[in-house]
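Please open the model in your viewer and keep the selection tool at hand.

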Amino acid sequence: MASALINIAYLVASVLFIFGLKGLAHPKTAVRGNLLGAIGMLIAVLVTFLDKNILSFDVIIAGILFGSVAGIILAIKTPMTGMPQMVALLNGFGGGASTLVAGAALVEAILLTTAVDMQFTIATAASGFIGAVTFWGSLVAFGKLQELIPERPIIFTGRHILNAILLIFSIILGAWLVIDPGATWVYWMVVALSSILCITLVLPIGGADMPVVVCLLNSYSGIAAAATGFVLNNNILIISGSLVGASGVILSELMCKAMNRSLTNVLFGGVGGIDTKASSEDIYAGRVKASSPEEVAMLLEVARRVVIVPGYGMAVSQAQFAVRDLYLLLESRGIEVEFAIHPVAGRMPGHMNVLLAEANIPYEKLKEMDEINPSFEQTDVAIVIGANDVVNPVAREDSASPISGMPILDVDRSRTVVVIKRSLSPGFAGIPNSLFAADNTLMLFGDGKKMVLDLIAAFKEV
């Protein structure tokens, strides 16, 4: 009877996880989806405590308190611009936890001379390998996003051969562990080799591709959790880990599709490590037109339709509230305003949506790329705030470019384009942007928030 009730509770938690994921698919239902997922996890944790007949809760309670305090501090201290780094870090912690739990279960089984079957040993080896890959890969991704290590691809000769050797030896050691579970040191060798493997895999990936890497590592953390579920014979861990693993893979694939690139190209292409100095001079020399807030305000005064394109520069400068004020001011003058959202703008999926929602900009004003692109030719002014690669016409014009074929926002087809940016520095892909030198483009050089505030002040004076 008790076992049946526990499984029913796990089923309820699983259903809540599924509805939570469904809710997270849209900004309007994201808060509710997050709450449903949290309730499901609370049920799963409480039922697991009852199911495992835990004799002492001292260490568990201490861990909960420590983790809660750490989580609250991270949530309060981390700005929206740092959210991708935080997600990467949390992915890593999940993978590390799976590795340690599976290792502890293996040591416990050997010390207690408990008979182990092939499911246990295979799941243990898989959890150790995938969990270690997730942990160290996430730390490297965190370092690149936080700019603690260079964002550019760190490429070295023979890296593919080294990675292949590390992978082969990891698999051989994993097979050894399955055959001889008593050799616990083999498990930690698997963990060590897979840790080195992931570091050498992620270092050659550029900062532009880190959002995809974070999604993929999120998937790995789910797979590692599912493997640990088989180690512990815990159904809810298997189900929840499988959901995370599947959703991470789907999201990675969607992001690759948005960039018109394959996952293998993202992982092994080394995009972003190109020296663009010479080509930048060829594209920009004598063609870039710097403007002022006053000049742009006069353009807006006669405009009937304006499209605002947010990018990572808006996130860095925390300009979303100033952008909201500009949007309200323009609409008060009878100007139609919409926001063009590229799927991979910023540092994580939905980054721009979250920032604009934080500023209480209506959801219906946020238009996805496929919906907004046909209307750019009827747009009087497109204001690009800190976006770069996602509006670069080179993706359409140059078949030799690293971003060739990547779907972009067609802002260059607007009557006038205003780009707010600190400098002409390239985006994450490391290539110059021909939009900056286009005949219909004006550059507003400066901090995103300051330029938008200056533009608001100038527009009020028109």
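Select Trp185 to begin: with a relative accessibility of 46%, this residue counts as partly exposed. The model on display is a predicted one. Trp176 and Trp185 form an edge-to-face aromatic pair, with 5.1 Å between the centres and 85 degrees between the planes. A search of the whole structure returns 4 aromatic pairs.

Is Cys198 buried or exposed? Its relative accessibility is 3%, so Cys198 counts as buried. The closest cysteine sulfur to that of Cys198 belongs to Cys215, but the separation is 15 Å, too far for a bond. Now centre the view on Cys215, which is buried with a relative accessible area of 6%. For Cys215, the closest cysteine sulfur is in Cys256, at 9.0 Å, and this too is too far for a bond. The search of the whole structure finds 0 disulfides.

The next stop is the sheet. Display the strands in the order S3-S2-S1-S4-S5-S6: these 6 strands make an open sheet with parallel pairing. Which strands stand at the edges? They are S3 (366–368) and S6 (441–445); each has a single partner strand, so one side of each is left without a neighbour in the sheet. From one strand to the next, the twist averages 25 degrees. Strands of a sheet pair through backbone hydrogen bonds, in either a parallel or an antiparallel manner.

Within this sheet, select S4 (residues 381–385) together with S5 (residues 416–421); the two strands run parallel and are joined by 5 bridges. Ile383 stands opposite Val418 in S5, and Ile385 stands opposite Ile420 in S5.

Keep S4 selected and colour it by accessibility. How many of the residues of S4 are buried? The strand is mostly covered, with 5 of its 5 residues buried. In a regular strand, side chains alternate between the two faces of the sheet. On one side of S4 lie Val381, Ile383 and Ile385, on the other Ala382 and Val384; all are buried, and both faces are covered.

Now bring in the helices, starting with H12 (residues 293–301). Helix H12 lies across S1 (305–310), S4, S5 and S6, and runs at about 135 degrees to S6. Show H14 (residues 320–332) as well: this helix packs on the sheet, where it touches S1, S2 (336–341) and S4. The direction of H14 makes about 145 degrees with that of S2.

Finally, return to H12 and select Pro293, Val296, Ala297 and Leu300, which are buried. Viewed down the axis of H12, the buried residues fall within an arc of 105 degrees, so they line one face of the helix. An α-helix has 3.6 residues a turn, so residues three or four places apart point the same way. What do the buried residues of H12 pack against? Their partners are S1, H14, S4, S5, S6 and helix H18 (448–461).

Note on methods: Residues numbered from 1 in each chain as written. Predicted model: local features only at pLDDT ≥ 70, side-chain atom pairs only at ≥ 80, totals over all residues. Heavy atoms only, no water. Pairing = 2+ DSSP bridges. Helix = DSSP H or I, 4+ residues; strand = E, 2+ residues; numbered from the N terminus. Axes fitted to C-alpha atoms, helices over the stretch in contact; angles between N-to-C directions. Contact = heavy atoms within 4.5 Å. Disulfide = S-S within 2.5 Å. Buried < 20%, exposed > 50% of the residue type's maximum accessible area, 1.4 Å probe, protein only. Phe/Tyr/Trp six-rings, centres within 6.5 Å; stacked < 30°, edge-to-face > 60°. Arc of directions from axis to C-beta.
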